[in-house]
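Reader: I am new to protein models. Please pick one part, take me through it closely, and then show me what surrounds it.

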Amino acid sequence: MKAEIRQKLAREPFAEKIRKVGQLVRLAKTFPRRQMKRGDIRQKAAI
Amino acid sequence: MATNPPSDNLPLSEVLHAANGLVAAGLIEDWALGGALAAIYYVEPFTTYDADIFFIPKDTGLTAGIPAIYAHLQAQGWQVEREHLLIRGFPVQFLAANGLTEEAVREAERIEYEGVPAKVFRAEHIIAIAASVGRAKDKARIEQILQQADFDKTYLAEVLQRHKLKLPTP
């Protein structure tokens with residue numbers, strides 16, 4: 001993300017930022033990061 | 001016991017209200033929001049899974065009055081899960097302040113969040129605390145604040161000097 005966009009996000013009202021944190025947490029819980037299995041790594045390496 | 005159903009939104013105003021309640025109940029002297037949520041006050045939002053409330057204990061004994069704080073909040077429907085207290089499923093850590101963190105509580109910025117009076121660590125103290133902890137994520141936090149926040153460089157230098165701290169080299 002561009003530095004100026006990040007700067008703009010940083011200057012948003014605190015309540016708005018907290019609302020976005022809530023959204024990020026919900027997204028992270030809905031789509032948790034999957035641990036890569038060895039097979040996946042081998043497959044990636046073969047591509 | 002009061003009910004405390006999980007919330008889809010981050011229940012920060014309830015956390016701050018509860019912290020004010022601890023002062024009113026005479027269980028703590030003062031408090032301020034620290035940790036990632038305090039950093040988010042100054043920088044772009046990012047994912048964090050808990051709130052850190054730093055408090056100045058009234059009870060100067062070894063437990064810093066933590067059992068009484070837990071009992072008070074549990075009576076209001078908060079649940080205990082390992083080192084966290086949960087409000088509407090959101091974990092909150094109550095941490096007894098000392099040294100640098102006590103100074104951060106005393107000098108914290110007064111704000112109002114959704115009508116609730118609160119205090120949040122100054123950016124300079126968040127930087128100093130991150131410098132004192134020194135993990136990779138703390139270094140990233142310092143970098144983020146230096147790039148995105150308005151802060152007082154002279155005041156930061158004074159805090160760092162007072163606590164014999166240095167900013168990590170990039």
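**A close look at one helix and its surroundings**

Author: Start with A:Leu24, which is found in helix H2 of chain A, residues 14-30. The model is predicted, so every value here is computed from it. A:Leu24 has a relative accessible area of 30%, so this residue counts as partly exposed. A:Leu24 also belongs to a group. Together with A:Leu27 and A:Phe31 it forms a nonpolar patch on the surface. The accessible area of the three comes to about 300 Å² together.

Now step back to the chain. Chain A has three helices and zero strands. Along the sequence, its pattern reads α-α-α. There are 47 residues in chain A, and 21% of them are buried. The accessible surface of the chain is about 4,200 Å². Carbon and sulfur atoms account for 56% of that surface.

Return to helix H2 and look at charge. Side chains of opposite charge can pair when their charged atoms come close. A:Lys20 and A:Glu16 form a salt bridge, at 3.7 Å from N to O. These two residues sit four residues apart in helix H2 of chain A, so about one helical turn separates them. A:Glu16 is partly exposed, because its relative accessibility is 24%.

Other salt bridges lie elsewhere. Over all chains, the count comes to twelve. One of them pairs A:Arg11 with B:Asp150, with the closest N and O atoms 3.2 Å apart. A:Arg11 lies in the loop between helix H1 (3-10) and H2 of chain A, while B:Asp150 lies in the loop between H6 and helix H7 (153-162) of chain B, so this pair joins two chains. Both A:Arg11 and B:Asp150 are exposed.

Compare a pair inside chain B. B:Lys119 and B:Asp30 form a salt bridge, and their closest N and O atoms are 2.6 Å apart. B:Lys119 is in strand E7 and B:Asp30 in strand E1 (residues 28-34) of chain B, so the pair ties together parts that are 89 residues apart in sequence. Both B:Lys119 and B:Asp30 are buried. Back in chain A, salt bridges that share partners join A:Glu12, A:Glu16, A:Arg19 and A:Lys20 into one network.

H2 of chain A and E5 of chain B each supply at least two lining residues. The largest share, four residues, comes from H2 of chain A. By type, the lining divides into seven nonpolar, five polar and four charged residues.

The largest pocket holds about 440 Å³ of space. It is lined by 22 residues, with B:Gly35, B:Ala36, B:Asp52, B:Arg135 and B:Arg141 nearest its centre. This lining divides into nine nonpolar, seven polar and six charged residues.

End with two loops of chain B. Most residues other than glycine have a negative phi. B:Arg82 is not a glycine, yet its phi is positive, about 50°. B:Arg82 sits in the loop between strand E3 (79-81) and strand E4 (84-87) of chain B. Its relative accessible area is 72%, so B:Arg82 is exposed. B:Glu114 also has a positive phi, about 45°, although it is not a glycine. The loop that holds B:Glu114 runs between strand E6 (109-113) and strand E7 (116-120) of chain B. B:Glu114 counts as exposed, because its relative accessibility is 55%.

Key: Residues are numbered from 1 along each chain as its sequence is written. Chains are lettered from A and ligands numbered from 1 in the order in which they are written. This is a predicted model: local features need pLDDT of at least 70, side-chain atom pairs count only at pLDDT 80 or more; totals for chains, interfaces and linings use all residues. Side-chain values use heavy atoms; hydrogens and water are left out. Patches are made of residues with over 30% relative accessible area and no salt bridge: like charges are joined within 9 Å, nonpolar side chains (Val, Leu, Ile, Met, Phe, Trp, Tyr) within 5 Å. Accessible areas come from the Shrake-Rupley method with a 1.4 Å probe; for residues, only the protein chains shown count as cover. A salt bridge is a side-chain nitrogen of Lys or Arg within 4 Å of a carboxyl oxygen of Asp or Glu. Buried means under 20% relative accessible area, exposed over 50%, partly exposed in between (1.4 Å probe, protein chains only). On a 1 Å grid over the protein atoms alone, a cavity is a set of points where a 1.4 Å probe fits but cannot get out, and a pocket is an open set with protein on both sides within 12 Å along at least five of seven lines; lining residues have an atom within 4 Å of a point. Grid points are joined across faces, edges and corners, and a volume is the space filled by probe spheres set on the points. Ala, Val, Leu, Ile, Met, Phe, Trp, Tyr, Cys and Pro count as nonpolar, Asp, Glu, Lys and Arg as charged, and the others, Gly among them, as polar.
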